[in-house]
Structure formats: structure tokens, C-alpha cells
Amino acid sequence: MAVKNSTSAHAKRSRKKAAASSSLIPKFMKNPKTTMALALLIIDSLLVSFIIAYVPYTKIDWDAYMSQVSGFLGGERDYKNLKGDTGPLVYPAGFLYVYSAIQYVTGGQVFPAQILFGILYIINLGIVLLIYVKTDVLPWWALFLLCLSKRVHSIFVLRLFNDCFAMTLLHAAMGSILFGWWHLGLIIFSAAVSIKMNVLLYAPSLFILMLKAMSISGVISALAGAALVQIVLGLPFLLSFPIEYISRAFNLGRIFVHFWSVNFKFVPEPIFVSKEFALSLLIAHLVLLVVFAHYKWCKHEGGLFKFLRSRISFCSITSCSAWPKTLKKEHIVTTMFVGNFIGIICARSLHYQFYSWYFYSLPHLLWITPFPTLLRVLIFVGVELCWNVFPSNLYSSLLLLCLHLLILCGLWYSMAENPYESDKSDSQKVK
């Protein structure tokens, strides 16, 4: 009898364990986005391994990076003397620290560096997939678009550009902000800027989001933390050759070679290199930012200028009690992606590695437009094809600009919804 009871109890425990384990599967499968994301990570890991093993590496900037790093490790602190075979160093100090670590780990050899960048690619993809899973914009099946770019795979594991580290940190900053960790997000954002300045294209839209989600004191402390990162990282150069460092690492007036331009190859070279063309693009950039901020990002608050007045008058009791507020994750991602995309459209020159600056935002941008799904996919494929024409020509660059402008029009006619979470307390503290 005792044996029978023991057997019965054991059977009950077994059934409970089986029921518990089986209940986990439906719960996990209820979110097809999560399942799809994990499947894509596994498949793309295999693809990246295959690319590293069988596709020849393309030498572009790696030797120059290693030369610049060697000069830094050799004690040189004057930025004008840090050079490589492709020219002088034009990136902030974070670049030197990252690639010094890479040189230490890999011994300056390409193949182990490719493995390292392959891991970086998967980490970046994982962060991007997390952003898409956390937001309710893209359907689960469209996540596979994030793994389809031949050019982006090449940028990461066949070219080893510093853009890869900058954009991975940028996406990590966005992920932190989605969890409400604004101060941490700003620190990571600043670290990304220290590797490559293109990350600053996100700054205007990020600042507006900070004003919406944080108190004025919180905004100031977060910006101070970001500034401190730049000071600490640049300290060895700021203490020795500050002018050389600032003028070269943060040079906003660089003129790129017309041959490498992917977006404005159809513009005659004399116009392309002119100050008038650069000024026109800068004005267009600023106007578009203001227009989108006024009519789209701050529409719920009555427009950009009314919103800024309400935040500047923070001494008012009613103004102070209205913030901080909890922003919808979709609003955060949309505002940052659109702000960056406006900068992409108005950039005087986009080189091939610059595709990584906005590729991962394209599915999100396309799916918030009112376009039908087929047109969204066709635009996505069209942009990818333009970036795979080498060298770029009049037709590919003109088509790319037209596709960019079409996306921008779609973004303009997209719905501007309430950016705030209505079911959460407006006084929720920001971490």
C-alpha cells in the first residue's frame, strides 16, 4: 500500500512538472515577435560565421586605424600627428580607446578582429530586436528585414568600421531610455559620440524627449553626465594639445570626396564641394527639424514653441507639476529615428559605411507611414539596392534621394498620436 501511495505521489509530481513545462511553451509562443527575434539571432549568427569563413576581407581603413592607435599607444597626444595611410585622425578619443583594446585583443590581426566584429554584429542585432519587440509598430514577420542587408553585414565583418561600435552604443542608449534609464542612456549616448560624431544627428530629437520625460533638474544632470564623459575621455588630449584635439576630433566642416558620395553623386563636383551647397543643406536640415518638432513631435503639447515656453517657465508651480511624464516607447523610438533620418537626407555626403547609421531604423520608419505594405517592402528593397551599387552613379544616387524623400513624405502624413502613457502616473520618477 505504501509503495502504491508513493507511486501515486510520484505520478502527481510528474504530471505537475509536465503541466508547468507545457504551460511555459504557450506563454512563450504567445508573442511571435520574441520567437522570431530569437530565430533571427540564431540564423544570422550562422550567416555571419559563414561570411567570416568564406568571404574575402576588404582592406579599407583597418591599417589606418592601427597606425593611429599605435601612435597613441606610443605616447603621441597631438592629434595632428596621429595619422594613417588614409589620412589624419578625425574621430574623438573614444575611438582610440576602443581600437586600442581591439589591437590588444587581436594583436592587430584581421581575422580575430573579424570574429570580434561578428560578435558585435550579433550584439547590435539583439539590441535592435529588443527595441522592435518593445514597440508595437512592426509586425512580427517583418523583423526578418533587419537581417537582409548585404551592405550592413559587409560593414561589420568585412570592413571593421568604427561606425559599428558607435551605432551599437547608440542602440544600447535607446534601449536604456526605453526602460526609463535616462541618465544611463545619456552616458552611453555620449560614449557613442566619442567614437564617431554622426551620433549627434540624434541629439535634437533626444533633447526634446528629455524635456518631455524629465524634470528640468533631471535634464541638466543628464546633460552634465554626458558632458563629463567627453571631458574624461578627452582629458589626455585636452591637457596637452586642446586646440588640436577639439578642431580635429569635432570638425564639422569636413569636405568629403565627391567620388565616394552615395547620395549626391548626381550633383556636379564644383557644386558638391561649394560652401553654398553645404549651407543650403544645413538650412534644410534645421528647417525640417523645426517643422517636424512643431507639427509632429510636439503637436500634443500645442507645438514646439508653446512646449518650450512651458518648460522654460519651470518656476511656475503648474508647470513643474506637469512633469516628468512617462512617454510611450513608440513615441521615443519614432522621434529619435525620424530626427536622425532628417539628418541623413540633408547630409552632404553619405559613404558606404554610413548606411549603418539608419538601416536599422528603416523598417520602423516605413511602417509608421500610411503606405501599403507592398510599397513599404519595395522602398526598403530599393534603398538596399542603391547602397549596393558600386561605385555609385548619377542614377543610383538620384533614386536614393527620391526614395528618402518619399519616406519623408510618408512620415509627414503619418498620424501624430498622444505621446504619453495615460495609464501611468505622470509623477513617475525617472531613473
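Helices (H or I, at least four residues) and strands (E, at least two) are taken as DSSP runs and numbered from the N terminus. The model is a predicted one, in which local features need pLDDT of at least 70 and side-chain atom pairs count only at pLDDT 80 or more, while totals for chains, interfaces and linings use all residues. Residues are numbered from 1 along each chain as its sequence is written, and side-chain values use heavy atoms, with hydrogens and water left out.

Helix α10 spans residues 216–238 and contains Val-232. Together with Leu-228, Ile-231, Leu-235 and Leu-239, Val-232 makes a nonpolar surface patch of about 480 Å². Patches are built from residues with over 30% relative accessible area and no salt bridge, like charges being joined within 9 Å and nonpolar side chains (Val, Leu, Ile, Met, Phe, Trp, Tyr) within 5 Å; the accessible areas come from the Shrake-Rupley method with a 1.4 Å probe, and for residues only the protein chains shown count as cover.

Helix α9 (residues 203–213) is largely enclosed by the rest of the structure, because 8 of its 11 residues are buried, where buried means under 20% relative accessible area, exposed over 50%, and partly exposed in between (1.4 Å probe, protein chains only). The buried residues of α9 are Ser-205, Leu-206, Ile-208, Leu-209, Met-210, Leu-211, Lys-212 and Ala-213. These buried residues pack against α7 (163–178), α8 (182–193), α10, α13 (275–297), α14 (304–312) and α16 (329–345), contact being defined as heavy atoms within 4.5 Å.

Across the whole structure, 4 salt bridges are found, each being a side-chain nitrogen of Lys or Arg within 4 Å of a carboxyl oxygen of Asp or Glu. One of them joins Lys-212 to Glu-301 at 3.4 Å, N to O. This pair links distant parts of the chain, with Lys-212 in helix α9 and Glu-301 in the loop between α13 and α14, 89 residues apart, and both Lys-212 and Glu-301 are buried. Asp-163 forms a salt bridge with Lys-196, the closest N and O atoms being 2.8 Å apart; here too distant parts of the chain are linked, since Asp-163 lies in helix α7 and Lys-196 in the loop between α8 and α9, 33 residues away. Asp-163 is buried at 1% relative accessibility, and Lys-196 is buried at 7%. In the salt bridge between Lys-80 and Asp-78 the closest N and O atoms are 2.3 Å apart; Lys-80 is partly exposed, with a relative accessible area of 33%, whereas Asp-78 is buried, at 3%.

Rings of Phe, Tyr and Trp (its six-membered ring) are paired if their centres lie within 6.5 Å, planes under 30 degrees apart counting as stacked, over 60 as edge-to-face and the rest as tilted. By this rule there are 37 aromatic pairs. The rings of Tyr-65 and Phe-95 have centres 5.1 Å apart and planes at 75°, so this pair is edge-to-face. Because Tyr-65 lies in helix α3 (residues 62–73) and Phe-95 in helix α4 (residues 93–106), the pair ties together parts that are 30 residues apart in sequence; both Tyr-65 and Phe-95 are buried. Phe-359 and Tyr-360 likewise form an edge-to-face pair, at 5.0 Å centre to centre and 70° between the planes. Phe-359 and Tyr-360 also belong to one aromatic cluster, whose members include Phe-259, Trp-260 and Phe-341. Lys-265 lies over the face of Phe-259, at 4.9 Å from the ring centre, a charge being placed over a ring if NZ of Lys or CZ of Arg is within 6 Å of the ring centre and within 35 degrees of the ring normal.
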